[in-house]
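Morning, everyone. I'll keep this brief. Please look at the screen.

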Amino acid sequence: MPLQDDFEAIVRPDEPLAPHTWLHVGGPAEYFAEPRSPDELAALVRRCRDDELPVRILGGGSNILVRDEGVPGVVIRLADPGFADIERLGRRLTAGGGAKLGHLISTAVREGLAGLEALVGIPGTIGGALHGNAGSRGGDVGQWASRATVMTAAGEVVERARDELVFAYRQSSLDELVILSAEFELDEEDPDELTKRMQKQWIVKKASQPLGHQSAGCIFKSPSGLNAGVLIDQAGLKGTRVGGAEVSDRHANFIIAEPGATSHDVLRLIDLVRSRVADRSGVELELEIEVW
Ligand SMILES: Cc1cc2nc3c(=O)[nH]c(=O)nc-3n(C[C@H](O)[C@H](O)[C@H](O)COP(=O)(O)OP(=O)(O)OC[C@H]3O[C@@H](n4cnc5c(N)ncnc54)[C@H](O)[C@@H]3O)c2cc1C
């Protein structure tokens, strides 16, 4: 029986994914699901395993490039408000995997809890941030994580304690299927001081990145000791276009997708940037974004 017959209320076939991503390009998901509770999520995940349907979890779509052909299998989004709760207990904040990182940061600052304010301006959800250990010069999200609750591909809920959590540059040991929630242990500080620090950080980010355009943030990881944006700039690639995709003039590691751009345009531009940088500096750039 087709998946949408058994999960009629939460599964839609052929859902366009472009509007769910920051780049706004790419094709549909074969099935798109927005479960309303952890139990419903577990039932769906088990059914996908039984039917051998590939499953992907979509957060805010700010680090993803969807191919024009679309995504086979099931794309699940934790859109229900029940997956986005944020609660305080002493110096700890717990946030659902579907909560916006920005919402967690503003809650922490308001509550006088320091650490996360350095991440202001990073779009997306708690699940996406922990999966890729999102960060900035001021630190990364993983350094504040003290516990996580995940769901495996078998639909089991498992707790991960601090000593099981390992984070590195844009990497995390949280590789189970779903990050359901996480706890962050923060330092107490004056909310006014925190607000000032956050605003300063926000101004720096806005000045250096083309935040008003369709992009997916940094396309490439910075190789150890080097800066991918500088390497791309030195290769003279700022402003280079393929179809509707362009290397940003403001920040060379951002690709802007103009209205009408295709995923294919972005992929061809990525290839071009990679080969020019390799020719000029001998560095093979590795993708930071995920291609689905
Ligand atoms: C304008 C702009 C600026 C950016 N600036 C930064 C920056 O300064 N620093 C930085 O690190 N990144 C930056 N990014 C990249 C991006 O915002 C981060 O990688 C972000 O953490 C991705 O979160 P997301 O919810 O959008 O994840 P998505 O893009 O939806 O998904 C990314 C990955 O996370 C997985 N995932 C998402 N949710 C879950 C979940 N609940 N459970 C398990 N896996 C999950 C997905 O399956 C996928 O593998 C920027 C992006 C943009 C568009």
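How many residues of domain 2 are in contact with domain 3, and how many residues of domain 3 do they touch? Before I answer, a word on what you see. This is a predicted model. The protein chain splits into three parts: domain 1 covers 3-77, domain 2 covers 82-208, and domain 3 covers 228-291.

Now the answer. On the domain 2 side there are 6 residues, and they contact 4 residues of domain 3. The centres of these two domains, taken over C-alpha atoms, are 29 Å apart. Together, domain 2 and domain 3 bury about 340 Å². Carbon and sulfur atoms account for 30% of that area. Who gives up the most on the domain 2 side? That would be H131, R170 and S208. Those residues together make up 68% of what domain 2 buries against domain 3.

Keep your eye on R170. R170 forms a salt bridge with E288. The closest N and O atoms of that pair are 3.5 Å apart. Between domain 2 and domain 3, the salt bridge count is 1. The count of residue pairs in polar contact is 3, with both residues at pLDDT 80 or more. Which helix supplies the largest share of the domain 2 side? Helix α5, residues 191-208, with 3 residues. Sort that side of domain 2 by class, and you get 2 nonpolar, 2 polar and 2 charged residues.

Last stop: the ligand. Let's take some of them in turn. I57 uses its backbone: an N or O atom there lies 2.5 Å from a ligand oxygen. T125 uses its side chain, with an N or O atom 2.7 Å from an oxygen of the ligand. E290 has a polar side-chain atom 2.6 Å from a ligand oxygen.

That's my tour. Over to you for questions.

How values were computed: Residues are numbered from 1 along each chain as its sequence is written. This is a predicted model: local features need pLDDT of at least 70, side-chain atom pairs count only at pLDDT 80 or more; totals for chains, interfaces and linings use all residues. Side-chain values use heavy atoms; hydrogens and water are left out. Domain bounds come from an automatic or database domain assignment. Contact means heavy atoms within 4.5 Å. Buried area is the accessible area (1.4 Å probe) that two parts lose on being put together, summed over both. A salt bridge is a side-chain nitrogen of Lys or Arg within 4 Å of a carboxyl oxygen of Asp or Glu. A polar contact is a pair of N or O atoms within 3.5 Å; within protein, one must be able to donate a hydrogen and the other to accept it, and residues adjacent in sequence count only if both atoms are side-chain atoms. Helices (H or I, at least four residues) and strands (E, at least two) are DSSP runs, numbered from the N terminus. Ala, Val, Leu, Ile, Met, Phe, Trp, Tyr, Cys and Pro count as nonpolar, Asp, Glu, Lys and Arg as charged, and the others, Gly among them, as polar.
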